Amino acid sequence: MKMDSILDKLGINKVNEGASTGTKWLKAGGDPIKSFSPVDGKEIAWVKSVNRKTYDAVITKAEEAFKEWRTWPAPKRGEVVRQVGEALRKYKEPLGKLVSYEMGKSLQEGYGEVQEMIDICDLAVGMSRQLYGLTMHSERPLHRMYEQWHPLGVVGIISAFNFPVAVWSWNSMIAWICGNTCVWKPSEKTPLSAIACQNIISEVFKANNVPEGVCGLVVGGRETGEWMSNDTRIPLVSATGSTRMGRALASAVASRLGKSLLELGGNNAIIVTEHADLNIALRAAVFGAVGTAGQRCTTTRRLIIHEKVYDALKKKLVAAYKQLSIGDPLDEKNHVGPLIDTDAVNNYMDTIKEIKKAGGKQVVAPGVLAGKNYESGCYVKPCVYEVQNEWPIVQHETFAPILYIMKYKKLDEAIAMQNNVPQGLSSAIMTLNMREAEQYLSAMGSDCGIANVNIGTSGAEIGGAFGGEKETGGGRESGSDSWKAYMRRQTNTINWGDTNRIHRNPHH
Ligand code: UN1
(Lines give C-alpha, C1' and ligand atoms only; values in the text may rest on other atoms or scores of the structure.)
Protein backbone atom coordinates (compact mmCIF):
# COMPACT_ATOMS: atom_id res chain seq x y z
CA MET A 1 0.00 0.00 0.00
CA LYS A 2 1.31 3.44 -0.94
CA MET A 3 1.37 6.12 1.76
CA ASP A 4 -1.10 8.29 -0.18
CA SER A 5 -3.70 5.57 -0.20
CA ILE A 6 -3.06 4.89 3.49
CA LEU A 7 -3.71 8.55 4.30
CA ASP A 8 -6.80 8.40 2.16
CA LYS A 9 -8.13 5.33 3.96
CA LEU A 10 -7.59 7.03 7.32
CA GLY A 11 -9.31 10.24 6.22
CA ILE A 12 -6.24 12.45 6.39
CA ASN A 13 -6.15 15.52 4.16
CA LYS A 14 -3.26 17.73 3.08
CA VAL A 15 -4.41 20.26 5.68
CA ASN A 16 -6.42 19.08 8.70
CA GLU A 17 -8.24 20.82 11.51
CA GLY A 18 -6.76 19.82 14.85
CA ALA A 19 -9.97 20.13 16.85
CA SER A 20 -12.87 17.74 17.20
CA THR A 21 -15.72 17.11 19.61
CA GLY A 22 -16.05 13.51 18.48
CA THR A 23 -17.78 13.24 15.15
CA LYS A 24 -17.49 16.91 14.21
CA TRP A 25 -14.33 18.74 13.19
CA LEU A 26 -14.15 22.36 14.31
CA LYS A 27 -12.19 25.26 12.86
CA ALA A 28 -9.09 24.95 15.03
CA GLY A 29 -8.04 28.58 14.58
CA GLY A 30 -4.40 28.26 15.72
CA ASP A 31 -1.05 27.98 13.98
CA PRO A 32 -0.56 25.12 11.55
CA ILE A 33 1.85 22.32 12.50
CA LYS A 34 3.70 20.41 9.81
CA SER A 35 4.07 16.68 10.32
CA PHE A 36 7.10 15.30 8.57
CA SER A 37 8.33 11.74 8.55
CA PRO A 38 11.66 10.98 10.20
CA VAL A 39 11.82 7.99 7.82
CA ASP A 40 12.54 10.05 4.69
CA GLY A 41 12.27 13.64 5.89
CA LYS A 42 9.23 14.26 3.68
CA GLU A 43 6.28 16.38 4.66
CA ILE A 44 3.22 14.17 5.23
CA ALA A 45 0.49 16.74 5.93
CA TRP A 46 -0.43 19.80 7.98
CA VAL A 47 -2.62 20.11 11.05
CA LYS A 48 -4.01 23.37 12.38
CA SER A 49 -3.54 23.64 16.12
CA VAL A 50 -6.24 24.94 18.46
CA ASN A 51 -6.58 28.46 19.75
CA ARG A 52 -7.97 29.18 23.21
CA LYS A 53 -11.50 29.68 21.88
CA THR A 54 -11.65 26.35 20.10
CA TYR A 55 -10.05 24.62 23.07
CA ASP A 56 -12.80 26.03 25.29
CA ALA A 57 -15.47 24.87 22.86
CA VAL A 58 -14.15 21.29 22.96
CA ILE A 59 -14.00 21.24 26.77
CA THR A 60 -17.49 22.73 27.07
CA LYS A 61 -18.85 20.04 24.77
CA ALA A 62 -17.08 17.37 26.83
CA GLU A 63 -18.65 18.75 30.01
CA GLU A 64 -22.11 18.70 28.45
CA ALA A 65 -21.67 15.20 27.06
CA PHE A 66 -20.64 13.93 30.49
CA LYS A 67 -24.11 14.72 31.85
CA GLU A 68 -25.61 12.17 29.48
CA TRP A 69 -22.76 9.66 29.13
CA ARG A 70 -22.69 9.03 32.88
CA THR A 71 -26.31 7.84 32.68
CA TRP A 72 -25.44 5.06 30.25
CA PRO A 73 -24.99 1.73 32.06
CA ALA A 74 -21.29 0.85 32.18
CA PRO A 75 -21.74 -2.38 30.14
CA LYS A 76 -23.42 -0.31 27.42
CA ARG A 77 -20.44 2.00 27.35
CA GLY A 78 -18.34 -1.16 27.20
CA GLU A 79 -20.27 -2.27 24.12
CA VAL A 80 -19.23 0.94 22.36
CA VAL A 81 -15.60 0.26 23.30
CA ARG A 82 -15.98 -3.30 22.01
CA GLN A 83 -16.96 -1.86 18.66
CA VAL A 84 -13.99 0.51 18.76
CA GLY A 85 -11.83 -2.61 19.12
CA GLU A 86 -13.52 -4.13 16.07
CA ALA A 87 -12.91 -0.97 14.05
CA LEU A 88 -9.25 -0.96 15.08
CA ARG A 89 -8.93 -4.55 13.86
CA LYS A 90 -10.26 -3.39 10.52
CA TYR A 91 -7.80 -0.48 10.34
CA LYS A 92 -4.81 -2.23 11.86
CA GLU A 93 -2.77 -2.27 8.68
CA PRO A 94 -3.13 1.35 7.55
CA LEU A 95 -2.98 2.74 11.09
CA GLY A 96 0.08 0.63 11.98
CA LYS A 97 1.82 1.85 8.81
CA LEU A 98 0.99 5.48 9.50
CA VAL A 99 2.30 5.19 13.09
CA SER A 100 5.47 3.64 11.75
CA TYR A 101 5.89 6.30 9.06
CA GLU A 102 5.01 9.32 11.18
CA MET A 103 6.93 8.24 14.31
CA GLY A 104 9.70 6.13 12.77
CA LYS A 105 9.27 2.91 14.74
CA SER A 106 9.51 -0.43 12.94
CA LEU A 107 6.45 -1.69 11.12
CA GLN A 108 6.26 -4.60 13.53
CA GLU A 109 6.12 -2.14 16.41
CA GLY A 110 3.58 0.03 14.58
CA TYR A 111 1.30 -3.00 14.24
CA GLY A 112 2.15 -3.92 17.84
CA GLU A 113 0.89 -0.55 18.99
CA VAL A 114 -2.43 -0.98 17.25
CA GLN A 115 -2.67 -4.50 18.68
CA GLU A 116 -2.12 -3.00 22.14
CA MET A 117 -5.08 -0.70 21.47
CA ILE A 118 -7.22 -3.68 20.48
CA ASP A 119 -6.14 -5.53 23.61
CA ILE A 120 -7.01 -2.62 25.88
CA CYS A 121 -10.45 -2.41 24.24
CA ASP A 122 -11.02 -6.09 25.04
CA LEU A 123 -9.86 -5.57 28.61
CA ALA A 124 -12.02 -2.47 29.04
CA VAL A 125 -15.11 -4.31 27.76
CA GLY A 126 -14.71 -6.91 30.51
CA MET A 127 -13.95 -4.23 33.07
CA SER A 128 -17.17 -2.43 32.20
CA ARG A 129 -18.95 -5.25 34.05
CA GLN A 130 -16.49 -5.32 36.94
CA LEU A 131 -16.30 -1.83 38.41
CA TYR A 132 -16.62 -3.38 41.82
CA GLY A 133 -16.87 -1.65 45.14
CA LEU A 134 -16.60 -3.31 48.55
CA THR A 135 -19.34 -3.73 51.10
CA MET A 136 -18.52 -3.60 54.78
CA HIS A 137 -20.38 -4.31 57.97
CA SER A 138 -21.62 -1.21 59.69
CA GLU A 139 -21.02 -0.86 63.44
CA ARG A 140 -24.57 0.44 63.72
CA PRO A 141 -27.50 -1.99 63.76
CA LEU A 142 -29.83 -2.14 60.77
CA HIS A 143 -27.45 -0.11 58.65
CA ARG A 144 -25.76 -1.07 55.46
CA MET A 145 -22.47 0.37 54.31
CA TYR A 146 -20.79 0.05 50.97
CA GLU A 147 -18.56 1.80 48.46
CA GLN A 148 -19.35 2.62 44.90
CA TRP A 149 -17.34 4.15 42.11
CA HIS A 150 -18.56 7.06 40.02
CA PRO A 151 -16.98 8.73 37.00
CA LEU A 152 -14.97 11.92 37.47
CA GLY A 153 -16.06 14.04 34.50
CA VAL A 154 -13.77 15.33 31.77
CA VAL A 155 -10.43 13.50 31.62
CA GLY A 156 -7.57 15.30 29.84
CA ILE A 157 -5.09 13.00 28.14
CA ILE A 158 -1.67 14.25 27.08
CA SER A 159 0.35 11.69 25.14
CA ALA A 160 3.91 11.53 23.86
CA PHE A 161 5.32 11.00 20.37
CA ASN A 162 6.89 7.61 21.11
CA PHE A 163 3.56 5.83 21.49
CA PRO A 164 1.40 8.05 19.32
CA VAL A 165 -1.77 5.99 19.74
CA ALA A 166 -1.45 3.13 22.27
CA VAL A 167 -0.98 5.15 25.44
CA TRP A 168 -3.96 7.35 24.57
CA SER A 169 -6.06 4.22 24.19
CA TRP A 170 -4.95 2.85 27.61
CA ASN A 171 -6.37 6.00 29.12
CA SER A 172 -9.40 6.69 26.98
CA MET A 173 -10.88 3.19 26.70
CA ILE A 174 -10.83 2.77 30.46
CA ALA A 175 -11.90 6.34 31.17
CA TRP A 176 -14.86 5.86 28.83
CA ILE A 177 -16.19 2.63 30.30
CA CYS A 178 -15.97 4.36 33.69
CA GLY A 179 -18.32 7.04 32.32
CA ASN A 180 -15.91 9.91 31.73
CA THR A 181 -15.58 12.02 28.65
CA CYS A 182 -12.05 12.53 27.30
CA VAL A 183 -10.15 15.31 25.61
CA TRP A 184 -6.91 14.21 23.98
CA LYS A 185 -3.89 16.39 23.33
CA PRO A 186 -1.57 14.22 21.24
CA SER A 187 2.10 15.02 20.74
CA GLU A 188 2.55 17.81 18.20
CA LYS A 189 5.19 15.56 16.63
CA THR A 190 2.65 12.87 15.70
CA PRO A 191 -0.70 14.62 15.18
CA LEU A 192 -1.73 12.66 12.09
CA SER A 193 -1.86 9.35 13.93
CA ALA A 194 -4.26 11.05 16.35
CA ILE A 195 -6.44 12.40 13.56
CA ALA A 196 -6.62 8.91 12.09
CA CYS A 197 -7.78 7.51 15.45
CA GLN A 198 -10.36 10.25 15.76
CA ASN A 199 -11.79 9.31 12.36
CA ILE A 200 -11.91 5.63 13.33
CA ILE A 201 -13.74 6.20 16.63
CA SER A 202 -16.09 8.78 15.21
CA GLU A 203 -17.59 6.13 12.89
CA VAL A 204 -18.34 3.92 15.88
CA PHE A 205 -19.59 6.74 18.08
CA LYS A 206 -21.92 7.97 15.36
CA ALA A 207 -23.37 4.50 14.79
CA ASN A 208 -24.09 4.19 18.52
CA ASN A 209 -25.47 7.70 19.06
CA VAL A 210 -22.83 8.44 21.63
CA PRO A 211 -23.30 12.03 22.82
CA GLU A 212 -21.16 14.51 20.90
CA GLY A 213 -18.27 15.52 23.16
CA VAL A 214 -17.36 12.14 24.68
CA CYS A 215 -14.14 12.00 22.66
CA GLY A 216 -12.59 15.39 22.09
CA LEU A 217 -9.32 16.13 20.34
CA VAL A 218 -7.17 19.24 20.63
CA VAL A 219 -3.92 19.41 18.70
CA GLY A 220 -1.49 21.90 20.13
CA GLY A 221 1.85 22.50 21.78
CA ARG A 222 3.00 23.15 25.33
CA GLU A 223 0.53 25.99 25.83
CA THR A 224 -2.44 23.70 25.18
CA GLY A 225 -1.08 21.34 27.82
CA GLU A 226 -0.86 24.27 30.22
CA TRP A 227 -4.48 25.21 29.55
CA MET A 228 -5.44 21.68 30.50
CA SER A 229 -3.33 21.67 33.67
CA ASN A 230 -4.94 24.87 34.90
CA ASP A 231 -8.48 24.03 33.80
CA THR A 232 -10.77 23.38 36.78
CA ARG A 233 -13.27 21.76 34.41
CA ILE A 234 -10.82 18.85 34.04
CA PRO A 235 -10.73 16.87 37.31
CA LEU A 236 -8.05 14.47 36.04
CA VAL A 237 -5.14 15.07 33.69
CA SER A 238 -3.30 11.93 32.62
CA ALA A 239 0.04 12.76 31.05
CA THR A 240 2.90 10.83 29.50
CA GLY A 241 6.18 12.55 28.73
CA SER A 242 9.33 13.98 30.23
CA THR A 243 9.94 14.52 33.93
CA ARG A 244 10.29 18.25 33.23
CA MET A 245 6.81 18.36 31.69
CA GLY A 246 5.38 16.18 34.46
CA ARG A 247 6.76 18.34 37.23
CA ALA A 248 5.26 21.53 35.75
CA LEU A 249 1.95 19.82 35.07
CA ALA A 250 1.70 18.17 38.48
CA SER A 251 2.27 21.41 40.35
CA ALA A 252 -0.28 23.29 38.24
CA VAL A 253 -2.89 20.54 38.69
CA ALA A 254 -2.10 20.17 42.41
CA SER A 255 -2.42 23.90 43.04
CA ARG A 256 -6.06 23.68 41.97
CA LEU A 257 -6.36 20.39 43.91
CA GLY A 258 -7.05 18.38 40.79
CA LYS A 259 -5.76 14.88 40.14
CA SER A 260 -2.94 13.99 37.84
CA LEU A 261 -1.83 10.60 36.59
CA LEU A 262 1.76 10.71 35.47
CA GLU A 263 3.89 8.38 33.41
CA LEU A 264 7.26 10.08 33.02
CA GLY A 265 10.86 9.19 32.41
CA GLY A 266 12.61 5.92 33.13
CA ASN A 267 16.22 4.90 33.57
CA ASN A 268 15.70 1.20 33.37
CA ALA A 269 18.34 -1.34 34.24
CA ILE A 270 18.84 -5.05 33.74
CA ILE A 271 20.97 -6.84 36.31
CA VAL A 272 22.74 -9.83 34.79
CA THR A 273 23.93 -12.16 37.55
CA GLU A 274 26.54 -14.89 37.40
CA HIS A 275 23.62 -17.35 37.26
CA ALA A 276 21.99 -15.83 34.18
CA ASP A 277 21.22 -17.56 30.94
CA LEU A 278 23.40 -15.24 28.88
CA ASN A 279 21.52 -15.81 25.66
CA ILE A 280 18.25 -14.74 27.23
CA ALA A 281 20.05 -11.79 28.84
CA LEU A 282 21.59 -10.77 25.53
CA ARG A 283 18.31 -10.85 23.64
CA ALA A 284 16.50 -8.89 26.35
CA ALA A 285 19.27 -6.29 26.51
CA VAL A 286 19.53 -5.72 22.77
CA PHE A 287 15.78 -5.61 22.22
CA GLY A 288 15.34 -3.34 25.22
CA ALA A 289 18.13 -0.96 24.23
CA VAL A 290 17.61 -0.57 20.49
CA GLY A 291 13.84 -1.22 20.10
CA THR A 292 12.00 1.94 19.02
CA ALA A 293 15.55 3.36 18.62
CA GLY A 294 15.81 3.70 22.39
CA GLN A 295 12.77 5.99 22.58
CA ARG A 296 10.51 4.00 24.92
CA CYS A 297 10.21 5.05 28.50
CA THR A 298 10.84 1.37 29.25
CA THR A 299 14.00 1.26 27.10
CA THR A 300 16.92 -0.58 28.72
CA ARG A 301 19.47 2.13 29.46
CA ARG A 302 21.78 0.35 31.91
CA LEU A 303 23.19 -3.17 32.14
CA ILE A 304 24.61 -4.05 35.53
CA ILE A 305 26.68 -7.19 34.98
CA HIS A 306 28.34 -9.56 37.44
CA GLU A 307 32.12 -9.45 37.09
CA LYS A 308 32.31 -13.19 36.37
CA VAL A 309 30.19 -12.92 33.23
CA TYR A 310 31.08 -9.34 32.30
CA ASP A 311 33.59 -10.03 29.54
CA ALA A 312 31.57 -12.86 28.03
CA LEU A 313 28.41 -10.76 27.81
CA LYS A 314 30.28 -7.74 26.54
CA LYS A 315 31.67 -9.85 23.69
CA LYS A 316 28.23 -11.13 22.81
CA LEU A 317 26.85 -7.59 22.88
CA VAL A 318 29.49 -6.31 20.49
CA ALA A 319 28.77 -9.19 18.11
CA ALA A 320 25.01 -8.65 18.30
CA TYR A 321 25.28 -4.89 17.69
CA LYS A 322 27.33 -5.64 14.55
CA GLN A 323 24.35 -7.55 13.15
CA LEU A 324 21.90 -4.64 13.55
CA SER A 325 20.70 -3.12 10.33
CA ILE A 326 19.65 0.49 10.52
CA GLY A 327 17.26 1.98 8.00
CA ASP A 328 13.71 2.47 6.78
CA PRO A 329 11.54 1.02 9.57
CA LEU A 330 8.83 0.04 7.10
CA ASP A 331 11.29 -2.38 5.54
CA GLU A 332 11.05 -5.44 7.76
CA LYS A 333 14.67 -6.45 7.35
CA ASN A 334 15.79 -3.39 9.32
CA HIS A 335 16.01 -3.56 13.10
CA VAL A 336 16.53 0.09 13.96
CA GLY A 337 14.67 3.06 12.51
CA PRO A 338 15.28 6.81 12.88
CA LEU A 339 14.96 9.05 15.92
CA ILE A 340 11.91 11.29 15.92
CA ASP A 341 13.66 14.43 14.63
CA THR A 342 17.00 16.18 14.29
CA ASP A 343 16.64 17.73 17.78
CA ALA A 344 16.71 14.18 19.10
CA VAL A 345 19.84 13.53 17.06
CA ASN A 346 21.50 16.60 18.61
CA ASN A 347 20.49 15.35 22.02
CA TYR A 348 22.09 11.98 21.25
CA MET A 349 25.32 13.68 20.17
CA ASP A 350 25.39 16.00 23.20
CA THR A 351 24.95 12.99 25.46
CA ILE A 352 27.83 11.20 23.79
CA LYS A 353 30.02 14.26 24.31
CA GLU A 354 29.09 14.24 27.99
CA ILE A 355 29.84 10.53 28.32
CA LYS A 356 33.27 11.03 26.78
CA LYS A 357 33.97 14.03 29.00
CA ALA A 358 33.08 11.99 32.08
CA GLY A 359 35.51 9.27 31.00
CA GLY A 360 33.14 6.70 29.45
CA LYS A 361 34.86 3.92 27.55
CA GLN A 362 33.45 3.18 24.12
CA VAL A 363 32.41 -0.45 23.54
CA VAL A 364 30.27 0.00 20.41
CA ALA A 365 30.81 3.22 18.46
CA PRO A 366 28.14 5.90 17.99
CA GLY A 367 27.50 7.78 14.77
CA VAL A 368 24.98 9.67 12.69
CA LEU A 369 24.23 8.09 9.31
CA ALA A 370 24.25 10.22 6.19
CA GLY A 371 23.76 9.76 2.47
CA LYS A 372 21.31 7.67 0.50
CA ASN A 373 18.39 6.25 2.49
CA TYR A 374 19.34 8.46 5.45
CA GLU A 375 18.33 11.82 3.94
CA SER A 376 16.12 12.72 6.92
CA GLY A 377 19.28 13.04 9.05
CA CYS A 378 17.51 11.20 11.89
CA TYR A 379 19.30 7.82 11.79
CA VAL A 380 21.88 7.12 14.49
CA LYS A 381 23.93 4.09 15.46
CA PRO A 382 23.02 2.27 18.64
CA CYS A 383 26.11 2.45 20.86
CA VAL A 384 27.46 1.03 24.11
CA TYR A 385 29.67 2.65 26.77
CA GLU A 386 31.33 1.51 29.98
CA VAL A 387 30.45 4.07 32.63
CA GLN A 388 30.03 4.71 36.34
CA ASN A 389 26.47 4.71 37.62
CA GLU A 390 26.80 7.92 39.63
CA TRP A 391 27.87 10.13 36.71
CA PRO A 392 25.24 12.83 36.13
CA ILE A 393 24.82 11.85 32.47
CA VAL A 394 24.05 8.24 33.46
CA GLN A 395 21.50 9.45 36.01
CA HIS A 396 19.70 11.28 33.22
CA GLU A 397 17.28 9.79 30.64
CA THR A 398 18.35 10.39 27.04
CA PHE A 399 15.74 9.23 24.54
CA ALA A 400 18.21 7.49 22.19
CA PRO A 401 19.81 4.05 21.72
CA ILE A 402 22.72 4.55 24.12
CA LEU A 403 23.38 1.60 26.42
CA TYR A 404 25.52 1.92 29.57
CA ILE A 405 27.28 -1.11 30.99
CA MET A 406 28.83 -1.50 34.41
CA LYS A 407 30.28 -4.21 36.63
CA TYR A 408 29.29 -5.47 40.09
CA LYS A 409 30.51 -8.04 42.62
CA LYS A 410 27.61 -8.61 45.07
CA LEU A 411 23.87 -8.63 44.34
CA ASP A 412 23.16 -6.10 47.12
CA GLU A 413 25.51 -3.73 45.41
CA ALA A 414 23.86 -4.32 42.00
CA ILE A 415 20.40 -3.65 43.41
CA ALA A 416 21.65 -0.47 45.09
CA MET A 417 23.13 0.69 41.78
CA GLN A 418 19.93 -0.08 39.96
CA ASN A 419 17.84 1.88 42.43
CA ASN A 420 20.30 4.70 42.74
CA VAL A 421 18.79 6.89 39.99
CA PRO A 422 16.00 9.47 40.23
CA GLN A 423 13.61 7.46 38.02
CA GLY A 424 11.73 4.25 38.91
CA LEU A 425 9.81 2.81 35.96
CA SER A 426 10.98 -0.60 34.78
CA SER A 427 13.66 -3.09 35.81
CA ALA A 428 14.75 -6.68 35.33
CA ILE A 429 17.07 -9.34 36.65
CA MET A 430 18.53 -12.17 34.62
CA THR A 431 19.15 -15.19 36.83
CA LEU A 432 18.26 -18.84 37.13
CA ASN A 433 18.89 -18.68 40.87
CA MET A 434 15.71 -18.54 42.92
CA ARG A 435 17.20 -16.72 45.88
CA GLU A 436 18.52 -13.95 43.68
CA ALA A 437 15.20 -13.61 41.87
CA GLU A 438 13.15 -13.53 45.06
CA GLN A 439 15.45 -11.01 46.75
CA TYR A 440 15.13 -8.81 43.67
CA LEU A 441 11.33 -8.91 43.80
CA SER A 442 11.15 -8.40 47.57
CA ALA A 443 10.81 -5.10 49.41
CA MET A 444 14.62 -5.06 49.60
CA GLY A 445 14.87 -5.42 45.83
CA SER A 446 13.89 -3.27 42.86
CA ASP A 447 12.17 0.03 43.71
CA CYS A 448 10.49 0.26 40.30
CA GLY A 449 6.85 0.02 39.23
CA ILE A 450 7.78 -2.90 36.99
CA ALA A 451 10.26 -5.62 38.01
CA ASN A 452 10.82 -8.64 35.80
CA VAL A 453 12.78 -11.89 35.95
CA ASN A 454 14.37 -13.25 32.79
CA ILE A 455 12.44 -10.85 30.61
CA GLY A 456 13.62 -7.37 29.71
CA THR A 457 12.44 -3.94 30.78
CA SER A 458 10.27 -3.07 27.77
CA GLY A 459 7.26 -4.75 26.22
CA ALA A 460 4.94 -4.59 29.23
CA GLU A 461 1.51 -6.16 28.70
CA ILE A 462 -1.63 -4.08 29.09
CA GLY A 463 -3.13 -6.50 31.63
CA GLY A 464 -0.80 -5.32 34.40
CA ALA A 465 -0.80 -1.89 35.98
CA PHE A 466 1.76 0.21 34.09
CA GLY A 467 3.80 3.00 35.65
CA GLY A 468 6.59 3.76 38.06
CA GLU A 469 7.85 5.45 41.18
CA LYS A 470 10.00 8.46 42.07
CA GLU A 471 10.50 10.82 39.12
CA THR A 472 8.47 8.49 36.92
CA GLY A 473 5.52 10.11 38.65
CA GLY A 474 3.71 7.34 40.54
CA GLY A 475 0.78 6.86 38.15
CA ARG A 476 -0.63 3.52 37.04
CA GLU A 477 -2.37 3.02 33.73
CA SER A 478 -4.03 0.19 31.77
CA GLY A 479 -4.63 -3.14 33.56
CA SER A 480 -5.24 -4.48 37.07
CA ASP A 481 -7.23 -1.98 39.16
CA SER A 482 -5.83 1.11 37.40
CA TRP A 483 -9.42 1.99 36.44
CA LYS A 484 -9.83 3.38 39.96
CA ALA A 485 -7.73 6.39 38.99
CA TYR A 486 -10.48 7.41 36.56
CA MET A 487 -13.27 7.25 39.15
CA ARG A 488 -14.22 8.77 42.46
CA ARG A 489 -15.04 6.58 45.42
CA GLN A 490 -18.18 7.20 47.39
CA THR A 491 -18.90 5.58 50.74
CA ASN A 492 -22.60 5.07 51.33
CA THR A 493 -24.31 4.28 54.61
CA ILE A 494 -27.98 3.47 54.64
CA ASN A 495 -30.12 3.30 57.75
CA TRP A 496 -32.95 0.93 56.93
CA GLY A 497 -34.19 0.52 60.52
CA ASP A 498 -36.63 2.61 62.51
CA THR A 499 -35.47 4.84 65.36
CA ASN A 500 -37.00 2.63 68.06
CA ARG A 501 -35.00 -0.38 67.10
CA ILE A 502 -31.81 1.64 67.00
CA HIS A 503 -32.66 3.06 70.40
CA ARG A 504 -32.83 -0.45 71.84
CA ASN A 505 -29.17 -1.05 71.09
CA PRO A 506 -27.33 -0.61 74.42
CA HIS A 507 -24.23 0.72 72.69
CA HIS A 508 -25.93 3.65 71.00
C1 UN1 B 1 6.15 4.09 26.84
O2 UN1 B 1 7.28 3.99 26.39
O3 UN1 B 1 5.63 5.21 27.07
O4 UN1 B 1 6.55 -1.60 27.88
C5 UN1 B 1 5.25 2.96 27.09
C6 UN1 B 1 6.51 -1.20 26.73
C7 UN1 B 1 5.21 -0.69 26.15
C8 UN1 B 1 4.81 0.61 26.74
C9 UN1 B 1 5.85 1.64 26.73
N10 UN1 B 1 4.17 -1.64 26.31
O11 UN1 B 1 7.47 -1.18 26.01
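Which residues surround the ligand? The views below concern a predicted model, in which local features need pLDDT of at least 70, side-chain atom pairs count only at pLDDT 80 or more, and totals for chains, interfaces and linings use all residues. Residues are numbered from 1 along each chain as its sequence is written, and side-chain values use heavy atoms, with hydrogens and water left out.

**View 1. The shell around the ligand.** Glu116, Asn162, Phe163, Trp170, Glu263, Arg296, Cys297, Thr298, Ser458, Gly459, Ala460 and Phe466 surround the ligand, each having a heavy atom within 4 Å of it. By class, this shell holds 5 nonpolar, 4 polar and 3 charged residues; Cys and Ala count as nonpolar, and Gly as polar. Domain 1 (3–264 + 473–490) and domain 2 (268–453) each supply at least three residues to the shell, the bounds coming from an automatic or database domain assignment.

View 2. Oxygen atoms of the ligand lie 2.7 Å from a polar side-chain atom of arginine 296 and 3.3 Å from one of asparagine 162. Cysteine 297 places a polar backbone atom 2.8 Å from a ligand oxygen atom. The protein covers 100% of the 330 Å² of accessible area that the ligand has on its own (Shrake-Rupley method, 1.4 Å probe).

View 3. Threonine 292 belongs to the loop between helix 10 (278–290) and strand 13 (300–306), elements defined as DSSP runs of at least four residues for helices (H or I) and at least two for strands (E). Its relative accessibility is 5%, so threonine 292 counts as buried (under 20% relative accessible area, 1.4 Å probe, protein chains only). The side chains of threonine 292 and glutamate 109 form a polar contact of 3.1 Å. Beyond neighbours within four places in sequence, threonine 292 is in contact with Met103, Lys105, Glu109 and Asn162 (heavy atoms within 4.5 Å).

Conventions. A polar contact is a pair of N or O atoms within 3.5 Å; within protein, one must be able to donate a hydrogen and the other to accept it, and residues adjacent in sequence count only if both atoms are side-chain atoms. Buried means under 20% relative accessible area, exposed over 50%, partly exposed in between (1.4 Å probe, protein chains only).
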